[in-house]
Amino acid sequence: MTTRVYRTDERHLLGEGEVADRAGLAAAVRELIEAAVLTAAPPADVRAATAEVEAATARLRTARHDLPPLAPPEAGGMARQLANPVGGALNPIAPPVAIAVLPDGTARAEFTLSAVHEGPPSFVHGGVSAMILDQLLGVAALANGTPGMTARLDLRYRRPTPFGVPLVAEGKASGSEGRKTFAEARITGPDGRVTVEATAMFVMPVR
Ligand SMILES: CCCCC/C=C\C/C=C\C/C=C\C/C=C\CCCC(=O)SCCNC(=O)CCNC(=O)[C@H](O)C(C)(C)COP(=O)(O)OP(=O)(O)OC[C@H]1O[C@@H](n2cnc3c(N)ncnc32)[C@H](O)[C@@H]1OP(=O)(O)O
């Protein structure tokens, strides 16, 4: 494995093997996060595990980049940002949300959240739903050929969103005017009822 020399203004580009290693690390840390939140192990085991985690962190910190690295491009594309906090395979805090773009431009994800995403007792935190919808709407704007920065994100929480059951998020661009793109999306529970609706406006900044 070779490590590329980089300037601080340049993102490190991982090799394919490194991407797989990092995705494995992120998946293991995601398991660790759930275990840390839900553990019922005795206090001595919690303290021993804490020391082990601190040792693992120290080992990873022996060399570091200033910014998240990028993954190599897929055929003809741009370097991929796989450390995004929504669904990024290299980011342990990312909930497991893989967004696909359908032929009609709909951005769609099927995912299951867990107790680590709890906000109100027994239900998903509204900020987690907002984060997922922001990203999904952003992907829909990108799929429309008119990406931008989120300028507005309006949410309507219709019903509590459950965790531990399959959810669907779907959204699509509804139009664009100049640098502005409008999009709408929703999260649906396993009973087919909408739990959260969102509309957003993205603005492509003037460079
Ligand atoms: C570095 C560039 C990257 C741009 C994005 C490009 C690509 C994305 C690529 C891939 C995407 C892939 C997946 C999806 C990814 C992400 C989803 C999550 C995205 C985010 O997580 S992103 C972080 C949160 N987001 C921000 O951090 C924005 C902070 N903000 C700003 O960066 C500026 O604020 C900006 C750029 C928004 C506007 O700045 P500006 O100077 O261009 O705006 P300006 O004043 O010229 O307005 C022009 C017209 O928009 C109207 N307008 C503007 N803002 C408005 C608002 N808030 N409400 C109502 N109307 C608004 C004006 O009223 C005017 O309208 P009119 O023309 O009709 O008068």
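Over which residues does pLDDT stay under 50? It does so over residues 1-9; pLDDT is the predictor's confidence in each residue, from 0 to 100.

**Figure 1. The predicted model and its confidence.** This is a predicted model, in which local features need pLDDT of at least 70 and side-chain atom pairs count only at pLDDT 80 or more, while totals for chains, interfaces and linings use all residues. Residues are numbered from 1 along each chain as its sequence is written. The protein has an average pLDDT of 93, and 96% of the residues score at least 70. For residues 1-9 the model has seven contacts beyond four places in sequence; two residues are in contact if their C-beta atoms, placed from the backbone, lie within 7 Å. The predictor gives the complex an ipTM of 0.93 and a pTM of 0.92.

**Figure 2. The two domains.** Domain 1 covers 1-81 and domain 2 covers 100-203, with bounds from an automatic or database domain assignment. Taken over C-alpha atoms, their centres are 27 Å apart.

**Figure 3. The largest nonpolar core.** A nonpolar core is a set of buried Ala, Val, Leu, Ile, Met, Phe, Trp, Tyr and Cys residues joined through C-beta atoms within 7 Å. The largest one has 27 residues, and L133, L136, L137, A140, A169, A183 and A185 have the most contacts inside it. Two or more residues each come from β2 (107-112), α3 (126-143), β4 (166-177), β5 (180-188) and β6 (194-203); helices (H or I, at least four residues) and strands (E, at least two) are DSSP runs, numbered from the N terminus. The largest share, eight residues, belongs to α3. Beyond four places in sequence, A183 touches residues including L137, A140, G171 and A200.

**Figure 4. A107 and its neighbours.** A107 lies in strand β2. A107 counts as buried because it has 25 C-beta neighbours inside 10 Å; the cut-off for buried is 20 or more other C-beta atoms within 10 Å, with exposed at 12 or fewer and partly exposed in between, C-beta atoms being placed from the backbone. Among the residues that A107 touches beyond four places in sequence are I99, L136, A140 and K172. Q135 is 28 residues from A107 in sequence, and their C-alpha atoms are 9.7 Å apart.

**Figure 5. The shell around the ligand.** Of the 17 residues around the ligand, G138, P147, A151, V203 and P205 come nearest; a residue is near if its C-beta atom, placed from the backbone, lies within 6 Å. α3 gives the most to this shell, with five residues, and β3 (149-157) supplies at least two.
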